[in-house]
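Here is a short tour of a protein model for you. Take a moment to look it over, then follow the points below.

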Amino acid sequence: MELERGMWRGKDETGEWIIGWPVKYTTPKDACIIFPINGYERKEKRYHGIPVDPSTLGEYTGQYDWFEGDIIKNDKDYYLIVWRGEGFELKHTYKRLYEGEEIEMIGYAPLTTRGKNKVGNKLDNPDLLGGA
């Protein structure tokens with residue numbers, strides 16, 4: 001499967017990831033339909049869209065098979081791919097001691113692939129981010 005910029009993914013009603021081009025409809029539930037990459041039916045010569053849960057949508061980053069919402073790991077830290085401002089970034093949440101109390105810190109870094117591997121995503125593997 002060849003991924004292109006502008007593609008998104010989302011989970012259908014069975015929990016399966018669907019990758020393709022989204023169309024959002026304004027309905028009471030704000031439904032979203034993805035026309036999957038492999039959704040073209042040659043016999044009927046038409047595309048079939050698959051409804052997905054809008055809360056599971058994530059845009060393709062243009063790098064490897066990484067989507068918004070994926071979890072990336074380097075030697076010791078986990079990062080969440082997020083859209084921030086005008087592009088994708090890596091969000092790193094960590095804890096530090098401050099005046100005797102542990103506080104949560106959040107840092108952002110440019111989306112780079114060097115030394116990092118995809119290990120999951122925030123929906124299927126929230127434990128990798130500390131249960132977030």
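The charged end of Lys116 sits over the ring of Tyr79, 5.8 Å from the ring centre. Such a charge counts as over a ring if NZ of Lys or CZ of Arg is within 6 Å of the ring centre and within 35 degrees of the ring normal. Likewise, Arg9 lies over the face of Trp17, at 4.2 Å from the ring centre.

This is a predicted model, where local features need pLDDT of at least 70, side-chain atom pairs count only at pLDDT 80 or more, and totals for chains, interfaces and linings use all residues. Residues are numbered from 1 along each chain as its sequence is written, and side-chain values use heavy atoms, leaving out hydrogens and water.

**Aromatic pairs**
- The structure holds three aromatic pairs (ring centres of Phe, Tyr or the six-membered ring of Trp within 6.5 Å; planes under 30 degrees apart are stacked, over 60 edge-to-face, the rest tilted).
- One of them joins Tyr60 and Phe67, a tilted pair with 5.4 Å centre to centre and 55 degrees between the planes.
- Both Tyr60 and Phe67 are buried (under 20% relative accessible area; exposed is over 50%, partly exposed in between, with a 1.4 Å probe and protein chains only).
- Trp83 and Phe88 are edge-to-face, because their planes are at 85 degrees, with ring centres 5.0 Å apart.
- Trp83 is partly exposed at 42% relative accessible area, whereas Phe88 is buried at 10%.

**The strands**
- Trp83 stands opposite Phe88 in S10.
- Five bridges join the antiparallel strands S9 (residues 78-84) and S10 (residues 87-98) (strands are DSSP runs of E, at least two residues, numbered from the N terminus; two strands pair with at least two bridges).

How values were computed. Helices (H or I, at least four residues) and strands (E, at least two) are DSSP runs, numbered from the N terminus.
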